[in-house]
Amino acid sequence: MWFEITYISCGAIFLIYLCNRFKIDLKANADSIIYFLVPAFFLIIYDKHYSVRELLAGTFLMTLLFCVRKLAARLKVGLKLTSFVVKGGFCLLLFLLVIKNYVPAVHHDQLTREEVYLIYFVIVLWFLFSSNIQDLLMKRVWKIFTPVLMAFVPVLGFYIIERAFNENLGRMDVRFVIGNILWMLSFAFVLYCFVPAKVILALFLTVCLIFGVANYYVGKFRGSPVMPNDLLSAKTAFQVAGGYEFNVPESVVVSVLCWLAGIAALCCLPVRQRNHNRKIKAAACSLAVCICMNSLLSADLEKIYGWSFDPWNVTGAYQEAGSVFSFVTLLKKMAVQAPDHYNRREAEQILAKNNEEKENDMVLPTIIAIMDETFSDLHVLGDFACTDEFLENWYATDDFLYRGKLYVSVYGGWTANSEFEFLTGCSMANCGTAMVPYQSCNLKDVGNLADILRNYGYETTAIHPQYKGNWNRMRVYGNFGFCDFLGMDDFQDPVYIRSHISDQSSFDKIIELYEQGEHKKQFIFNVTMQNHGGYNIEEMNGTKMIKLKGETKDFTDVETYLTLIRESDLAIQNLLEYFRKVDEPVVICIFGDHLPSISEEWVEQVTGKETDNLTLEERESRYAVPYMIWANYDTQNQPIEMDTSANYLGALLLEQAGIPRTAYTNFLLQMQEKVPVLNVFGYQTTDGQWHTFDEETEVSEWVEQYRMLQYYTMFDSGRKMEYYR
């Protein structure tokens with residue numbers, strides 16, 4: 001810690017000397033002190049250690065900001081014409097992207113297109129001629145107007161966020177309204193000393209608009225709004241966004257108009273004269289706000305407000321308590337704390353007790369695992385009728401080893417978490433809420449299927465017919481021990497369904513790899529892409545569609561999804577037929593990652609209940625997908641219908657393939673006998689009853705031991721890899 005403080009202090013002194021040609025003039029360089037004291041303050045508050053690379057990167061960024069400030073102060077030349085042209089071009093772009101695409105909903109009391117056009121052009125005129133308005137404001141006027149506007153900006157920012165997304169804005173408790181605004185006010189003032197007031201407030205409003213609009217569209221496509229880890233997966237989201245249909249509703253248009261009006265008002269503010277004393281005061285104010293924000297971050301907001309974040313209904317939580325308040329609550333929940341009474345020695349004793357002698361000279365099969373994107377049977381939600389069977393071949397297969405429902409921890413998205421549970425045997429139940437371990441955890445030397453099988457001489461290959469960088473897979477697969485990773489660029493002339501490579505082409509790549517190394521031991525892990533969200537019926541290109549029967553309303557997204565699942569069912573049948581003819585032993589595991597994000601109205605119609613009224617068992621049905629373990633040779637075992645969860649599935653697959661148990665997989669398989677199903681929301685006991693983690697049951701000790709072992713597996717730097725191989 002003191003190394004970082006010393007480094008920053010030396011940087012401040014050097015910058016001061018550099019700006020004054022190596023003459024000491026502290027009064028004229030208060031900015032330099034501020035730019036380096038604030039990071040130092042954060043270091044002390046959060047007690048965080050940084051690498052030399054991080055410190056150098058931080059120094060470069062701070063120096064760049066400082067130089068921009070200095071340069072801007074020396075380039076005060078008349079650029080009114082250029083400014084007018086830029087503003088005009090920006091307004092035209094905004095009109096083409098948003099305003100022009102606004103279509104009022106039928107039978108709703110909403111703004112007409114003409115009213116939106118009128119409001120927009122009034123604001124545009126205000127924005128374009130803001131410099132003229134600025135000249136008219138007298139000093140006495142703007143001295144009063146500026147503080148009022150600055151105080152109002154967080155209120156406007158709050159309205160921009162919630163208006164775009166929150167259908168319950170008018171019914172929100174005033175406590176949450178004030179809480180959200182105070183959070184936003186604190187955030188704005190923390191940055192005040194780094195950037196001129198007008199710039200920071202404009203940036204603040206822009207972030208609010210992006211957050212609010214993102215909440216609307218992400219909530220529409222995935223079923224839940226933006227959460228902290230989505231910031232890390234933004235690149236992945238942009239790459240797959242093309243499959244979704246972006247309509248512009250009234251809520252988004254109103255937020256955009258409010259944002260543009262706020263920007264126009266800020267442009268009317270006169271340029272503030274530089275005043276070093278003022279900057280020092282601003283820095284002092286910002287440091288005070290930092291202290292307040294640190295107190296807010298450490299406070300138990302749920303306890304203070306008498307409110308509990310509902311992980312089943314993230315959208316409802318955002319709409320009840322506000323997006324900023326809920327986002328911060330989730331951010332705090334991401335941190336993984338060591339279980340109460342965690343003891344490394346005790347964890348190692350449990351694992352040592354589960355260690356077994358490994359057999360030699362085993363005949364080991366090729367192992368293929370397929371996580372089929374959004375592969376599910378919507379009948380788990382309730383009964384409905386349609387024109388064709390969509391999983392006919394799946395249920396007609398009778399030579400399986402295991403088949404049933406697989407309970408996962410995600411719904412409508414977050415594929416990487418199901419993948420994480422399957423490959424590692426860890427559960428999202430023991431991770432922080434809204435966490436994506438692939439992005440926020442260091443998974444190097446964490447036990448997993450690829451690492452286990454490499455130790456038995458397997459060639460390990462991962463396949464994903466999309467961008468290889470999605471969900472940080474390139475880094476994670478390298479840490480896991482995959483020898484090779486094939487992405488969409490490794491497919492030659494694949495068949496596309498909509499804008500995604502089909503399951504059939506993805507399975508053909510598996511067959512190609514198998515034939516290339518037919519007499520080698522191979523582990524092939526395939527994550528498909530065909531059924532990814534964005535179920536626009538217009539993209540099906542004349543495909544024979546499955547239709548819902550007896551519906552009073554067209555749910556084309558559901559019909560599109562069912563049609564896609566039928567295509568997956570046919571591709572799976574072709575894959576199994578191929579390997580039935582293969583002489584070498586092969587074991588295949590196929591499972592879905594989550595249910596689709598489809599019309600909530602249809603889901604509630606099928607379940608017969610509103611989401612808020614579901615029991616724990618009924619809620620869990622939204623997290624049940626099909627799975628199957630199949631082999632092309634006689635194992636002397638009868639097919640078993642059994643429900644399980646993703647954290648057990650990898651260990652179960654290794655068991656059926658004849659791979660000796662590790663200490664960790666042995667514990668998992670023993671726990672499965674006592675706790676057959678476990679996901680992020682609760683667990684099921686052998687009597688079929690569901691329980692939350694707050695309940696005390698006869699298997700609570702197993703659950704607690706599992707939590708301890710997973711912490712040891714993922715976060716204890718002293719873990720011994722012998723327990724995972």
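These numbered points comment on the predicted model shown above.

1. Basis. The model is predicted: local features need pLDDT of at least 70, side-chain atom pairs count only at pLDDT 80 or more, and totals for chains, interfaces and linings use all residues. Residues are numbered from 1 along each chain as its sequence is written, and side-chain values use heavy atoms, with hydrogens and water left out.

2. Overall. The protein chain has 28 helices and 14 strands, taken as DSSP runs (helices H or I, at least four residues; strands E, at least two) numbered from the N terminus. Of its 725 residues, 54% are buried, that is, under 20% relative accessible area, with exposed being over 50% and partly exposed in between (1.4 Å probe, protein chains only). The accessible surface is about 34,300 Å² (Shrake-Rupley, 1.4 Å probe), and carbon and sulfur atoms hold 57% of that surface.

3. Contacts. Among contacts (heavy atoms within 4.5 Å) with a separation of 6 or more, 78% join residues 24 or more positions apart.

4. Cavities. Helix 18 (415-424), helix 20 (449-454), helix 26 (646-656) and helix 27 (663-674) each give the lining at least two residues.

5. Surface patch. F84, L125 and F129 make up a nonpolar surface patch with about 280 Å² of accessible area together. Patch members have over 30% relative accessible area and no salt bridge, and nonpolar side chains (Val, Leu, Ile, Met, Phe, Trp, Tyr) are joined within 5 Å; a salt bridge is a side-chain nitrogen of Lys or Arg within 4 Å of a carboxyl oxygen of Asp or Glu. F129 lies in the loop between helix 5 (113-128) and helix 6 (130-136), and counts as partly exposed because its relative accessibility is 38%.

6. Helix 14. In helix 14 (residues 314-321), six of eight residues are buried: V314, T315, A317, Y318, Q319 and A321. G322, just after this helix, has a positive phi of about 95°.

7. Q466. This residue sits in the loop between strand 3 (459-463) and helix 21 (473-480). Q466 counts as buried because its relative accessibility is 6%. Leaving out residues up to four places away in sequence, Q466 touches G487, M488, H500 and M529.

Conventions: Patches are made of residues with over 30% relative accessible area and no salt bridge: like charges are joined within 9 Å, nonpolar side chains (Val, Leu, Ile, Met, Phe, Trp, Tyr) within 5 Å.
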